Amino acid sequence: MTAVHIFNKPWVGVILCQQQLGPHAGLTVQQKYLDAITAAGAVPVPLVHQLGEDEQALAAMLARLDGILLTGSYSNMEPHHYGEPGEEEHTDVGRDRLSLRLIAAARTMKLPLFGICRGFQEMVVASGGSLHRRLHETGLFAEHRENKEQPLEVQYAPAHDIQPMAGGLLAQLAGSDVQKVNSLHMQGAKTTGTGVRVEATAPDGLVEAISLPDHPFALGVQWHPEWHSRDDALSRALFDGFVAACQHYAQVREAV
């Protein structure tokens, strides 16, 4: 029996982001994601970008994990991943490589998967979908970006409604009533790929959540439930549901 199961806490792999820390390149994760995972009863485990370049190391890590969290980020996916020409500002090549491999592995292994903001977009792209690179320039949607001049409490305040789809994973976790969520993103889903279920939409029609119906727990949301995750009923339901799925995965794996 491994230590993680002695203490009855599942291990959740958390993807990192490339950041410049003074003169040095670094890999970082915002503490709010670690706090949300810890508060829900799991142990966060950092997933370095080097895993995306080493199949054996990645397989060894995945064999020890009970779930994967794909966090939000200030970076954007490189557009060639979803068939768009040209370049994009603020990309993270190492994260793109690793996230796509993690999603593919999670689908094969039925490993619980939770994607937030950029993580949601990674799930969309991994399924064969595509992204609007500038939602505010399409003329099709309301403003989904935050005002960065405002305090964080204002930026992360509820911004619009979402309507969960009846019978979906999100509705199972939080009910089918209209919910209010924050909104801090410039890009969004243009199309979703095969094997994807739309879980919620905004009033302007933008897809706000997706799942993989052939998977025990694979959910992506465009908003940020990690912000003060225990203070909001919807956020609590999402993280508690994800960690419960990780715990079940750990128990099944331990029994094999």
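**Entry 1: helices H4 and H5.** I looked up which residues touch, and found that Arg-95, Asp-96, Ser-99, Leu-100 and Ile-103 in H4 meet Arg-118, Gly-119, Glu-122, Met-123 and Ala-126 in H5, where contact means heavy atoms within 4.5 Å. By class, this contact of H4 with H5 has four nonpolar, two polar and four charged residues; Ala, Val, Leu, Ile, Met, Phe, Trp, Tyr, Cys and Pro count as nonpolar, Asp, Glu, Lys and Arg as charged, and the others, Gly among them, as polar. I note that this is a predicted model, in which local features need pLDDT of at least 70 and side-chain atom pairs count only at pLDDT 80 or more, while totals for chains, interfaces and linings use all residues. Residues are numbered from 1 along each chain as its sequence is written, and side-chain values use heavy atoms, with hydrogens and water left out.

For the geometry, I read that H4 (residues 93-109) and H5 pack at an angle of about 65° with their axes 10 Å apart, the axes being lines fitted to C-alpha atoms, for helices over the stretch in contact, with angles from 0 to 180 degrees between N-to-C directions. Helices (H or I, at least four residues) and strands (E, at least two) are DSSP runs, numbered from the N terminus.

**Entry 2: the sheet.** I traced an open sheet of nine strands with mixed pairing, in the order E4-E1-E5-E6-E13-E12-E11-E8-E9; two strands pair if DSSP finds at least two bridges between them. Strand E4 (43-47) and strand E9 (179-181) stand at the edges with a single partner strand each, so one side of each is left without a neighbour in the sheet. H5 (residues 118-126) lies across E5, E6, E12 and E13, and runs at about 115° to E6.

**Entry 3: strand E12.** I checked how E12 is covered, and five of its five residues are buried, that is, under 20% relative accessible area with a 1.4 Å probe, protein chains only. E12 pairs with E11 (residues 197-201) in the antiparallel sense over four bridges, and the bridge partner of Ala-200 is Ala-209 in E12. Three bridges join E12 to E13, also antiparallel, and there Ala-209 stands opposite Val-221.

**Entry 4: helix H2.** I listed the buried residues of H2 as Lys-32, Tyr-33, Ala-36 and Ile-37. Seen down the axis of H2, they fall within an arc of 135°, so they line one face of the helix; the arc is that of the directions from the helix axis to the C-beta atoms. Their cover includes E1, E4, E5, E6 and helix H8 (233-255).

Methods: Buried means under 20% relative accessible area, exposed over 50%, partly exposed in between (1.4 Å probe, protein chains only).
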